[in-house]
Amino acid sequence: MVRATVEDLTDREVHGRRVFVRVDLNVPLGEDGRIADAGRIVAVLPTLEHLRRRGARLVLASHLGRPDGAPDPAYSLRPVAEDLERRLEQSVTFIEGGVEGERTREAVSALEDGGVALLENVRFAPGETKNDPTFARALADLGDHYVSDAFGAAHRAHASTVGAAEVVKQRGGRAVAGLLMARELHFLDEALRSPEPPFVAVMGGAKISGKIEVVDAILGQVDRLLVGGAMANTFFRALGLEVGRSLVEEDRVDFARDLLERAGEKIVLPVDCVVGYEIVRDTETRTRRRDEIGPNDRVGDVGPETLRMFTEEVHAAGTVVWNGPMGVFEVPPFDRGTREVALALAHATDAGTVSIVGGGDSAAAAEAAGVADRITHISTGGGASLELLAGKRLPGVEVLEPKAEGER
Ligand code: ADP
Ligand code: MG
């Protein structure tokens, strides 16, 4: 279902009104407490600019880390408020002291048209992750309308992602998607329902276990599923092959065998791999055919012949979706397969393929390969993107209004 967005709000609904915006400003912090990657802040700017230009008074809410329902200075959003201020070139009122406090109400009523306030970490309140109705009402008290641009948090039914939106709607306000949320839903949901064929999925990463539902759902839709990463080792075991000292999930071998029986013609497994005795930086490596993996080998990456096959499949794709690195990409030289797949996606996209990347590590790998701006869409939501790919509904999306007929 297509959701209404901020663009569907009328000027009357927006101008001079308080708009509560749930954003995902859960940025990674370095050891010095500084923002290590501002990607998530940058990603919500278009929505904020859009609303601000139209004279809305913005009350932003986000979580940061897992502070366990109590204030914890290590998870303060203050550095984010300062960063946001620089990027918006406008002052951002940082509101501490609890959502229900008098100061909060005063700070929000002091906002001018186009003004911006950011609440301190919503997870400092115990009611947030419990979706506590009283806390949800307190959040809803701060906005006439509700906007969600927090795709990365939309798989959680929390007070700021679901409860507050429900209260706003009950009170006659609107609950719509921000521009980032709309884009995520467009590519991860709508586009994948009617993909340009051939539809190719590339999956990898450490474990099948966390992705069984994704693999299952995606196998029903794609023409080809290319498997790399440690996930491939479990398939190797299903073929009766030796994997030596590699990471493998013995308790998922039956699942892998079942997939091969059900859809073997769609599944493309690596034919060769890069192995080492240990997966450590700059270690000595060998390329092995998959039926030549020795008892002392650890598989750290897919091999060159596999990369040729995968690259060809990606180039031929009308739509390609990628989740999960091909190897231990954090540890060179085992980063090659992942980088080459990222490059293959970029080349294919240059030639007209729609490419979509989901998953935190895969997104980081696409960035590291320097091709992020040549991919059609890189999701900002790790867990949320996987749940959508698995065909699940996200509570933080379901709560948003459907687009009305005339708005399409
Ligand atoms: P994403 O975040 O994109 O969904 P995952 O979290 O599922 O990806 O997987 C990423 C992890 O998989 C990385 O830390 C990487 O080191 C690991 N990985 C990939 N291939 C292998 C392998 N052959 N052996 C061990 N770990 C692997
Ligand atoms: Mg990951």
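**View 1. Lining of the second largest pocket in the predicted model.** The second largest pocket is lined by 29 residues, and G205, A206, A230, P325 and G327 lie nearest its centre. A pocket is an open set of points on a 1 Å grid over the protein atoms alone, where a 1.4 Å probe fits and protein lies on both sides within 12 Å along at least five of seven lines; lining residues have an atom within 4 Å of a point. Its volume is about 450 Å³, taken as the space filled by probe spheres set on the points. β12 (298-302) supplies the largest share of the lining, four residues. Helices (H or I, at least four residues) and strands (E, at least two) are DSSP runs numbered from the N terminus.

**View 2. The largest pocket.** This pocket has a volume of about 660 Å³. Of its 23 lining residues, R40, A363, E367, S379 and T380 lie nearest the centre. α14 (360-368) gives the most to the lining, with four residues.

**View 3. The open six-stranded sheet.** The strand order is β9-β8-β7-β13-β14-β15, with parallel pairing; two strands pair if DSSP finds at least two bridges between them. β9 (267-268) and β15 (377-378) are the edge strands, each pairing on one side only. Strands β13 (319-323) and β14 (354-357) are joined by four bridges, and V321 stands opposite I356 in β14.

**Notes.** Residues are numbered from 1 along each chain as its sequence is written, and chains are lettered from A and ligands numbered from 1 in the order in which they are written. In this predicted model local features need pLDDT of at least 70, side-chain atom pairs count only at pLDDT 80 or more, and totals for chains, interfaces and linings use all residues, while side-chain values use heavy atoms, with hydrogens and water left out.
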